[in-house]
Amino acid sequence: MSSLGGERLGGVRRSGMELRWYFVLMVTGAIAISYFDRQTLPVAISSIQHNIPISNQQFSYLQTAFLLSYAAMYIVGGRLLDRLGTRRGFMAIMVWWSIACALHGAASGFTVLLAARFLLGMGEGGGFPAAVRVVSEWIAPEDRSTAMGIINAGTAVGSVLAPPLIGIVLLTLGWRAVFFLAGGLGIAWVMWWSVSYRSSAAVVSSNTLDARVLGEQLSFGELIGMSSVRSLVFAKFMSDSAWYFLLFWLPKYLYDVRGFDVKHVSYYAWIPYAASGVGSFVGGWYSSRLLRSGRSLDAARKIALGLSAAFMPAMMLVPLVPVQLSIVLFSVVFFCQQSWSGLIMTVPADIFPLSAVGTVSGLVGFGGAIGGAIFGVVAGQLLGHGFGYGTLFGLAGTFHLIGFLAIVLFSGKIEPLRADDLREIESDA
């Protein structure tokens, strides 16, 4: 990328080295906004319920509506990004989800909230496939897990800011203003992106041109037929079942079980999300360090993934300890989850050529969103039939270990596909 030399961007002159990380930080900002947007409802739910009655079961339906459309758009959005390119594709999906977020503020009943949540998921489903494409376009293999770790830390930035900022808006302007302001923030980012981003003229890739061309020709069926793709989809299905449960139900758990009010959630709920941001960066950095120290790409990714999964059962202890220690345990779990998440979304860029990265990362994200949707419904059903949060924490604490076992047993070696590998896939289809 040093061949880019110096470039003028928004009136500021940047070297090629600085430019690629500038774009990584832009995407980090977009991911932060997406997680802020999706946290608006869980944090504001107690205020919304003063105007719109919402049961636990209905709350689970709201999250399921988000996740089902999120899952579908992961696939469609990933393929769309491979066709439209990163700049135009990211602009379109960000405009969509920002308008959908603002629509929540106009809701007069549960049905409108459900529709708005569904539309929000449709837009946000393209976020991470776009992020992986940026990394694949601009970042060399040895730095990709670090870059994805930084981008994935955006989830923590949005989630950390959500409880206190939403709490302030709730107490001063009301719950509807939360959604209008969040939607406006997304539109502001689109304006920044539209004048700043351009595709790399010299794409960093360990694959040859003919591999990229062949990768573009691979169908969904051919990609799904690969064991490496299936194992990644399944691992993400398992891990995101736990993650979306924690993401969407943590504020409600603090309200319902620990007796928190809006002020308490604003004061304390940001702490685990801050830990998740640190975990995102540390996991990516550690894997990059292993790679630079001479470990193979396969070992560098799997060692870091395994360590991340190993501590996730800590969530099983949450119902058994005082509230202060439960926040510590949540922080450990969030740290490890987001370390895992950044790493597993780096793997498609490690293996596949740019022309297939959006599609593969979309398939992986689809698996995660479907897992989150299914377990969200299960959570609502169990809570509605007399089970406690302890049962849910016990189940979710095993999911990452199961996902990691699938990667170890079925994914094969994590290494870049070459043209010959892709031709063999096409001939076997």
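Modeller: What follows is a set of questions about labels, each settled by a value and its cut-off. Keep in mind that this is a predicted model.

Biologist: Start with the overall picture. How many helices and strands are there?
Modeller: The chain has 18 helices and two strands. Of its 429 residues, 60% count as buried. Among contacts between residues at least 6 apart in sequence, 84% join residues at least 24 apart.

Biologist: What makes Ser 326 count as buried?
Modeller: Buried means under 20% relative accessible area. Ser 326 has 0% relative accessibility, so it counts as buried. Ser 326 is part of helix α14, residues 323-351.

Biologist: Which residues does Ser 326 touch, leaving out those up to four places away in sequence?
Modeller: Arg 258, Val 318 and Val 321. A contact here needs heavy atoms within 4.5 Å.

Biologist: Now charges. What makes Glu 124 and Arg 38 a salt bridge?
Modeller: The cut-off is a side-chain nitrogen of Lys or Arg within 4 Å of a carboxyl oxygen of Asp or Glu. For Glu 124 and Arg 38 the N to O distance is 2.8 Å, and they meet in a salt bridge. Glu 124 sits in helix α4 (residues 110-124) and Arg 38 in helix α1, so the pair ties together parts 86 residues apart in sequence. Both Glu 124 and Arg 38 are buried.

Biologist: How many salt bridges are there in the whole structure?
Modeller: A search finds seven. Side chains of opposite charge can pair when their charged atoms come close.

Biologist: How do you know that Arg 133 and Glu 137 are about one helical turn apart?
Modeller: They are four residues apart in helix α5 (residues 127-138), so about one helical turn separates them. In general, an α-helix has 3.6 residues a turn, so residues three or four places apart point the same way. Arg 133 and Glu 137 also form a salt bridge, with the closest N and O atoms 3.5 Å apart. The cut-off is 4 Å, so the label holds.

Biologist: Are Arg 133 and Glu 137 buried or exposed?
Modeller: Arg 133 has 7% relative accessibility, so it counts as buried. Glu 137 has a relative accessible area of 2%, so it is buried.

Biologist: Which helix holds Lys 236 and Asp 240?
Modeller: Both lie in α10, four residues apart, about one turn of the helix. Lys 236 counts as buried because its relative accessibility is 4%. Asp 240 counts as buried because its value is 3%. Elsewhere, salt bridges that share partners join Arg 20, Asp 143 and Arg 292 into one network. Lys 236 and Asp 240 form a salt bridge as well, their closest N and O atoms being 3.5 Å apart.

Biologist: Where do Lys 236 and Asp 240 lie relative to the largest cavity?
Modeller: They line it, and are among the residues nearest its centre, along with Tyr 35, Phe 128 and Ser 341. The lining has 14 residues. Elements giving two or more of them are α2 (56-84), α6, α10 and α14. The lining divides into seven nonpolar, five polar and two charged residues.

Biologist: Why is this called a cavity, while another space is called a pocket?
Modeller: In a cavity a 1.4 Å probe fits but cannot get out, whereas a pocket is an open set. The structure holds four cavities of 30 Å³ or more. The largest cavity has a volume of about 70 Å³. The largest pocket holds about 180 Å³ of space.

Biologist: What lines the largest pocket?
Modeller: It has 13 lining residues, with Phe 36, Leu 161, Leu 165, Ala 182 and Leu 185 nearest its centre. Elements giving two or more are α1 (16-48), α6 (141-172) and α7 (175-196). Helix α6 gives the most, six residues. Twelve of the lining residues are nonpolar, one is polar and none is charged.

Biologist: How do you know that the span of α15 agrees with its length?
Modeller: At 1.5 Å a residue, its 31 residues (354-384) should span 45 Å, and its end C-alpha atoms are 45 Å apart, so the two agree. Of those 31 residues, 24 are buried, so α15 is largely enclosed by the rest of the structure. After α15 comes Gly 386, with a positive phi near 95°.

Note on methods
Residues numbered from 1 in each chain as written. Predicted model: local features only at pLDDT ≥ 70, side-chain atom pairs only at ≥ 80, totals over all residues. Heavy atoms only, no water. 1 Å grid on protein atoms, 1.4 Å probe; cavity = no way out; pocket = protein on both sides within 12 Å on 5 of 7 lines; lining within 4 Å. Points joined across faces, edges and corners; volume = space filled by probe spheres on them. Nonpolar A, V, L, I, M, F, W, Y, C, P; charged D, E, K, R; others polar. Buried < 20%, exposed > 50% of the residue type's maximum accessible area, 1.4 Å probe, protein only. Expected span 1.5 Å × (residues − 1).
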